[in-house]
Amino acid sequence: MTEPLSRLPTLSRRTLLAGAAAAGLTAGMPPVRAAGLRWDGEAEIVIVGSGGAGVSAALAARECTKGRIVILEKLGVTGGSTRFSCGYFNAVDPERQRAQGIEDSLERHIADTNASGRGRGDPELVRILCSEALDALHWVEGYGVKYEPFCSQIYGGLFPRSHLPKLSSYIDVLLDACRSRGIEILTSSPVLSLVLNEDGSAAGVVWRDASGTRCTLRASRAVVLASGGFSANAELCRLHDPRLGDLDTTNPAGSTGEVMLAAREAGAYLTGCDWIECIPLHVHYARFAILVERCIFVDQQGRRFVREDDRRDILRDTILSLPSRFGFVIVDHDGFESNPPSFRRELHEGLERQEVYRAQTLEEMAQLLRLPVNNFVETVNRYNGFVRSGRDEDFGRGVESMIHEIRKPPFWVCRASMSRHHTMGGVSIDARARVLDWDSKPVGRLYAAGEVAGGVHGASRLGGNAIADVHVFGRIAGREAASEVPA
Ligand SMILES: Cc1cc2nc3c(=O)[nH]c(=O)nc-3n(C[C@H](O)[C@H](O)[C@H](O)COP(=O)(O)OP(=O)(O)OC[C@H]3O[C@@H](n4cnc5c(N)ncnc54)[C@H](O)[C@@H]3O)c2cc1C
């Protein structure tokens, strides 16, 4: 069943997140043998998941073949986490960055990726990610996605090289490009397991159609896994990091990891699954502190407690070690206004739900949050002094993220409590996005890209690198899948 377009504008994050808590699968479905199997259908390329990696794989494959390409999407709605992401896309971009006086380089992007990932990313994958990011950005632009003319430093991004799409649900532009090129997108169609040939290569998938019927779909060239991460699978996350099982997640209900687990059953090696990224915000306001240059964090004593522009794993560990396990994020009027209108509307709604706070003075805000007033006012004033002097004497925040004082009322605050956000681990892949087995040998005709794949980010993802990842490796996976000789 193809998704009715009319559903999309009314879709809410709250609706999709509601289903996420229920998922708790930790074992994968075993593969089915192709020998003697009755196939219900055939395509050249079968893609599992309709997020950024899936659509990139589909479009790249379409550039190489006219054959049938099918995307199977588990949920009733397309786009996965990519639909809800801010879409910040890291790339060294001389044109945009130089216009802002920002000097960047490929080596610096690689160094930042490794610094964030504590050097645990696969060096070859990291180099491909960084060196192909700008080309992938231009490729996405070629399909009609428009980006702002400037770059920003986002939370955990370590440097201002993140590109913001003008349309927050930019994935719709790419999904439309798929549809207009004859790529079939079937929603409410979960993939249950892989089908393998005698030699262990991928032959197709077992899936359930929208009526609930179990079906088989043969892939004459290849299967591409693009099923996202497992942040919405509380049990699987708890298994890998016991601190995180009780947290909320920013991800939609589809991010449960069963395809990754099914790939493991089919011989894939899984890497880095203990590395789970969190974001320090209420799940519905994940954008609130995304522009790190605009905010500071305070604890319940009204004091800063961390370098706000630090790596995401440091922020996670620091906030989880606070006695309350949460802090507060504060921005001023200009920080609030730097958000897109749709998000500003959500923040206004958050006021009514008492998930977001607004006050005309710092004193009033401290009272609202029950923080020691003097501490809070002194903290903000002290930070503003650091911005003026260009030196953070308390935490050593970088100059690139110390450009705005928090001065102009009204002030806005959101609770900084950790939510599971991104899983760095997944199936092992090589430079051609081929899935690797336990001997580091490619599993024939099986590719993976995006959050389902591991090894790209290391222990902690650089903010803005996931979107670069889905388009760089999604594109590689699609191209490579299309180059397989049909079986
Ligand atoms: C709120 C939010 C904001 C973010 N902001 C940014 C940002 O600004 N920059 C950045 O770099 N990163 C950001 N991220 C992270 C980034 O968006 C994701 O890592 C990325 O979009 C993942 O893309 P993907 O294609 O791998 O997976 P997804 O986009 O999640 O797509 C996977 C799809 O596969 C489907 N699927 C799962 N299982 C099955 C199955 N069994 N059968 C069929 N289909 C299945 C899912 O339902 C889903 O639709 C953000 C994430 C969130 C949640």
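Domain bounds here come from an automatic or database domain assignment. The structure shown is a predicted model.

**View 1. The two domains of the protein chain.**
The chain is divided into domain 1, made of residues 5-85 + 170-277 + 421-482, and domain 2, made of residues 281-417. Taken over C-alpha atoms, the centres of domain 1 and domain 2 are separated by 35 Å. Where the domains meet, 15 residues of domain 1 are in contact with twelve residues of domain 2.

**View 2. The shell of residues around the ligand.**
The ligand is surrounded by 40 residues, and the closest are Glu73, Thr82, Val191, Glu451 and Ile467. Sorted by class, this shell has 14 nonpolar, 21 polar and five charged residues. Several helices and a strand each supply at least two residues of the shell: α2 (52-62), α3 (80-84), α9 (258-265), β18 (419-423) and α15 (465-482).

Which residue has a polar side-chain atom 3.0 Å from a nitrogen atom of the ligand? That residue is Glu258. A polar backbone atom of Tyr88 is 2.9 Å from a nitrogen atom of the ligand, and a polar backbone atom of Ala53 is 2.9 Å from an oxygen atom of the ligand. Taken alone, the ligand exposes 1,000 Å², of which the protein buries 98%.

Asp392 sits in the loop between α14 (373-389) and β17 (411-417). Is Asp392 buried or exposed? Its relative accessible area is 6%, and the limit for buried is under 20%, so Asp392 is buried. The side chain of Asp392 reaches the backbone nitrogen of Asp394 at 3.0 Å. Leaving out residues up to four places away in sequence, Asp392 touches Arg304, Phe386, Arg397 and Met402.

**View 3. A cis peptide bond at Pro410.**
The loop between α14 and β17 also holds Pro410. The peptide bond from Pro409 to Pro410 is cis, with omega near 0 degrees. For comparison, most peptide bonds are trans.

**View 4. Two residues with positive phi.**
Most residues other than glycine have a negative phi. Ser188, in the loop between β7 (184-186) and β8 (191-196), has a phi near 50 degrees, a positive value in a residue other than glycine. Ala433 is not a glycine either, and its phi is positive at about 65 degrees. Ala433 is found in the loop between β19 (426-428) and β20 (434-436). Ser188 has 23%, which lies between the limits of 20% and 50%, so Ser188 counts as partly exposed. Ala433 has 0%, which is under 20%, so Ala433 counts as buried.

Ile429 is placed in the loop between β19 and β20. Ile429 counts as buried because its relative accessibility is 5%, under the limit of 20%. Apart from neighbours within four places in sequence, Ile429 is in contact with Leu125, Arg434, Val435, Leu436, Ala448, Ala453, Gly454 and Phe473. How far apart are Ile429 and Tyr143 in sequence and in space? They are 286 residues apart in sequence and 26 Å apart in space, C-alpha to C-alpha.

Conventions
Residues numbered from 1 in each chain as written. Predicted model: local features only at pLDDT ≥ 70, side-chain atom pairs only at ≥ 80, totals over all residues. Heavy atoms only, no water. Helix = DSSP H or I, 4+ residues; strand = E, 2+ residues; numbered from the N terminus. Buried < 20%, exposed > 50% of the residue type's maximum accessible area, 1.4 Å probe, protein only. Polar contact = N/O pair within 3.5 Å; in protein donor to acceptor, adjacent residues only side chain to side chain. Contact = heavy atoms within 4.5 Å. Near = heavy atom within 4 Å. Areas by Shrake-Rupley, 256 points an atom, 1.4 Å probe, with all protein chains shown as cover. Nonpolar A, V, L, I, M, F, W, Y, C, P; charged D, E, K, R; others polar.
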